[in-house]
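This report describes a protein fold and the packing of some of its helices.

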Amino acid sequence: MPHRQLKQHIGPFALTRTLAWLRLCAIAGQSVAVMVCSWWMRIDIPTLTLLLGIDMLAVFAVFAAWRIRQPWPVREWETVCHIAADTLVLGYLLYFTGGASNPFITLLLVPIALSAAALSVRAVLAVAMLAGTAYFVLLNWKVPLPAHEWTHNDHGVTLLVAGMGVNFVITALLLGFFINRLARAVQLQQLEVQRVRERALRDEGILAIATQAAGAAHELNTPLSTMRTLLPELRREHGSDAALDEDLLLLEGQVERCRTILREMVAFGQAQLSQEPERLALPDFIHGCVERFKLLRPEADFELHVQPNLEHVVLRTPPGLRHALLNLLNNAVDASALKDSNSVVLEVRRDGRSLEWIVRDKGPGFNPSGAPVAIGRSDKLSGLGIGLALAEATAERLAGELVIASSENGTEMCLRLPMAVIAEH
């Protein structure tokens with residue numbers, strides 16, 4: 001998950017978004033309360049003055065909704081300013097409805113509780129000072145409500161007690177619902193931190209392997225050059241031995257193949273450093289991968305299925321995509337061999353805005369017991385066991401994903417990549 005998306009789940013942004021929803025609830029609840037008290041219960045309150053305060057809160061709510069949709073991050077001080085605006089409007093409404101004697105005065109505690117779950121200690125203290133100042137002002141300056149209307153009704157229950165009951169229900173619902181949302185945001189943050197840590201450990205392992213491979217490639221170049229020089233000499237010296245000449249010819253071809261692989265490793269490293277994607281038509285790219293795969297695994301019973309409407313797609317082939325696909329195909333052949341089969345299927349299709357590379361085998365699957373598949377770990381008895389990890393790293397680097405579905409009839413590995421990243425517009 002990108003850094004900006006992570007910020008959307010924690011801290012000031014999460015609280016600011018929660019306040020935006022809470023503000024909409026407050027506008028609706030305050031409007032209903034004013035209309036019920038003024039028009040239905042006939043309590044003598046300054047209705048127009050109160051509606052003016054609610055209108056000011058509505059204007060601020062529109063601004064806040066626009067603000068949280070902007071790309072720049074929400075700072076902590078900005079969240080405190082939003083809380084200050086809400087506290088100011090609430091204090092304005094309470095001032096004209098009895099001040100501190102209004103049972104809804106305890107709503108000043110809600111921003112403090114929400115801030116404690118998402119902001120720093122300094123910000124929480126600032127919010128507490130704002131709420132305390134508002135309470136002190138309302139305790140000394142207020143417009144009192146008519147005493148008879150406020151303390152009596154026809155059912156023998158004072159309006160003050162009724163208001164306290166309503167306030168308790170509202171406070172409980174607000175704190176329970178919105179603090180639960182903040183707690184879920186914290187859980188999402190912890191899960192994301194765990195995924196980032198696991199990804200960093202995996203990438204560190206891949207980097208270590210790449211470093212060792214680079215050193216090995218550099219060291220192998222000298223003995224390969226020596227063998228490439230000596231093998232033709234041996235063939236000339238033992239030309240009369242047909243069997244030995246055939247073996248030496250095969251060995252010479254294998255040495256040349258090793259040199260080709262080393263050259264490709266160097267070219268791949270240079271492409272990684274330059275970050276210049278290779279532009280190829282999709283059929284040409286698939287043909288190159290298939291030819292390379294058949295050269296590496298000639299024993300494979302290979303099937304290719306390409307969606308018909310993809311022949312005009314031009315790929316901006318990023319470094320690593322070809323190797324990721326070859327790793328998946330190579331793993332599929334090894335998996336099929338575990339059940340005495342050489343079958344492997346490659347299907348290329350477009351699904352919405354993504355291009356899917358689906359590799360199927362006839363192997364036993366990853367976990368016959370039905371346990372979840374752990375990408376990066378292999379059940380194979382041979383090989384380095386890093387093919388899936390490399391493929392997954394390539395998928396993440398290209399904003400895609402590697403999805404694995406395993407069953408007793410084989411495994412399906414789907415490398416899903418967005419067209420916006422790997423294809424020409």
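## Overall content

The protein has 13 helices and seven strands, where helices (H or I, at least four residues) and strands (E, at least two) are DSSP runs numbered from the N terminus. This is a predicted model, in which local features need pLDDT of at least 70 and side-chain atom pairs count only at pLDDT 80 or more, while totals for chains, interfaces and linings use all residues. Residues are numbered from 1 along each chain as its sequence is written, and side-chain values use heavy atoms, with hydrogens and water left out.

Of the 425 residues in the protein, 35% are buried (under 20% relative accessible area, with a 1.4 Å probe and protein chains only). The protein exposes about 24900 Å², of which carbon and sulfur atoms supply 63%; accessible areas come from the Shrake-Rupley method with a 1.4 Å probe. Among contacts (heavy atoms within 4.5 Å) with a separation of 6 or more, 73% are between residues 24 or more positions apart.

## Helix 2 against helix 4

Two packed helices are described by the angle between their axes and the distance between the axes. For helix 2 (residues 11-40) and helix 4 (residues 76-95), the axes come within 9 Å and cross at roughly 15 degrees. Helix 2 is therefore roughly parallel to helix 4, a term for angles under 35 degrees. Axes here are lines fitted to C-alpha atoms, for helices over the stretch in contact, and angles run from 0 to 180 degrees between N-to-C directions.

The crossing of helix 2 and helix 4 is left-handed, meaning that the near helix is turned anticlockwise from the far one by less than a right angle. Helix 2 contributes P12, L15, T16, L19, R23 and Q30 to the contact, and helix 4 contributes E76, T79, H82, I83, D86, L90 and L93. By class, the residues of this contact are six nonpolar, four polar and three charged. Ala, Val, Leu, Ile, Met, Phe, Trp, Tyr, Cys and Pro count as nonpolar, Asp, Glu, Lys and Arg as charged, and the others, Gly among them, as polar.

## H82

H82 lies in helix 4 and counts as buried because its relative accessibility is 3%. Leaving aside residues up to four places away in sequence, H82 touches T16, L19, R23, F60, F63 and A64.

## Helix 4 against helix 6

Helix 4 packs with helix 6 (residues 121-140) at an angle of about 15 degrees, the axes being 10 Å apart. These two helices are therefore roughly parallel to each other. The crossing of helix 4 and helix 6 is right-handed, the clockwise case.

In helix 4, the residues E76, V80, I83, A84, T87, G91, L94 and Y95 meet A123, A126, V127, L130, A134 and L138 in helix 6. This contact has eleven nonpolar, two polar and one charged residues.

Terms used: Angles under 35 degrees count as roughly parallel, over 145 as roughly antiparallel, 65 to 115 as roughly perpendicular and the rest as oblique. Buried means under 20% relative accessible area, exposed over 50%, partly exposed in between (1.4 Å probe, protein chains only).
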